[in-house]
Amino acid sequence: MLESLIEYANQHEELLVMVGLISAAVFFLTLLLTPYILGLIPADYFSASRTHAIEIKTVWGFLKLIITTFLGIFLVLTGIIMLVTPGQGVISILLGLFLMEFPGKHALELKLINHDPTYKALNWLRKKAGKPPFTR
């Protein structure tokens, strides 16, 4: 088994180096962008009184929805990859979920934010962005 892994690594050395470089780039990119993106979310986003209705009034609103959904999908996929490579996998997955629109999203977000370690981590990152903490 170990011999076959070593053989595979020797045969695909360039691919493995490229995957390592991409992983490092995504790691540093998420370190830089995560506090900024979390800072864009309103502090009262998770409060019970906040409504979560999608309103598309213009073509730009529709394009914005598509772009944020694709960005969310990208963050979820890279977060899954970062669960096994260096990076902030769980935080990236959470950010991706926050950006996407799907049925049951608000209930899932509330369940995630009510987990104290997640809540503390998100607020720590918001503090790095100079934003007030989330309210529950």
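Colleague: Let's start inside. Which residues touch the most other members in the largest nonpolar core?

Modeller: Keep in mind that this is a predicted model. The largest nonpolar core has 15 residues, and those touching the most other members are Leu 38, Ile 41, Leu 95, Phe 98, Leu 122 and Phe 134. Helices H2 (13-40), H4 (89-99) and H6 (116-128) each supply at least two residues of this core. H4 gives the largest share, with 4 residues.

Colleague: What is Leu 95 in contact with, leaving aside its neighbours within four places in sequence?

Modeller: Leu 95 is in contact with Thr 34, Ile 37, Leu 38, Ile 41 and Leu 75, once those sequence neighbours are left aside.

Colleague: How many residues of H4 are buried?

Modeller: In H4, 9 of the 11 residues are buried, so this helix is largely enclosed by the rest of the structure. The buried ones are Gly 89, Ile 91, Ser 92, Ile 93, Leu 94, Leu 95, Gly 96, Leu 97 and Phe 98. They pack against H2, helix H3 (59-82), H5 and H6.

Colleague: Can we take one of them as an example? Is Ile 93 buried or exposed?

Modeller: Ile 93, which is found in H4, has a relative accessible area of 19% and is buried, because the cut-off for buried is under 20%. Leaving aside neighbours within four places in sequence, Ile 93 is in contact with Leu 75, Val 76, Gly 79, Ile 80 and Leu 83. By contrast, the C-alpha atoms of Ile 93 and Ala 24 are separated by 17 Å, and these two residues are 69 residues apart along the chain.

Colleague: Now the helix pairs. How are two packed helices described?

Modeller: The description of two packed helices uses the angle between their axes and the distance between the axes. Take H2 and H4: they pack at an angle of about 40°, and their axes are 11 Å apart. That makes H2 oblique to H4. The crossing of H2 and H4 is left-handed. On the H2 side, Thr 30, Thr 34, Ile 37 and Leu 38 meet Ile 91, Ser 92 and Leu 95 of H4.

Colleague: At what angle do H4 and H6 pack?

Modeller: H4 and H6 pack at about 85°, with axes 12 Å apart. These two helices are therefore roughly perpendicular to each other. Here Ile 91, Leu 94 and Phe 98 of H4 meet Thr 118, Ala 121, Leu 122 and Leu 125 of H6.

Colleague: And at what angle do H4 and H5 pack?

Modeller: For H4 and H5 the angle is about 150°, and the axes are 10 Å apart. H4 is thus roughly antiparallel to H5. Their crossing is left-handed. Leu 94, Leu 97, Phe 98 and Leu 99 of H4 make the contact with Lys 105, Leu 108, Glu 109 and Leu 112 of H5.

Colleague: How do I read the faces of a helix? Which residues of H5 are buried?

Modeller: The general idea is that an α-helix has 3.6 residues a turn, so residues three or four places apart point the same way. In H5 (residues 105-113), the buried residues are Lys 105, Glu 109 and Ile 113. Seen down the axis of H5, they fall within an arc of 60°, so they line one face of the helix. Ala 107 and Lys 111 are exposed on the other side of H5. The buried residues of H5 pack against H4 and H6.

Technical notes
Residues numbered from 1 in each chain as written. Predicted model: local features only at pLDDT ≥ 70, side-chain atom pairs only at ≥ 80, totals over all residues. Heavy atoms only, no water. Core = buried A, V, L, I, M, F, W, Y, C linked by side-chain atoms within 4.5 Å. Buried < 20%, exposed > 50% of the residue type's maximum accessible area, 1.4 Å probe, protein only. Contact = heavy atoms within 4.5 Å. Arc of directions from axis to C-beta. Axes fitted to C-alpha atoms, helices over the stretch in contact; angles between N-to-C directions. Parallel < 35°, antiparallel > 145°, perpendicular 65-115°, else oblique. Left-handed = near helix turned anticlockwise from the far one by under 90°.
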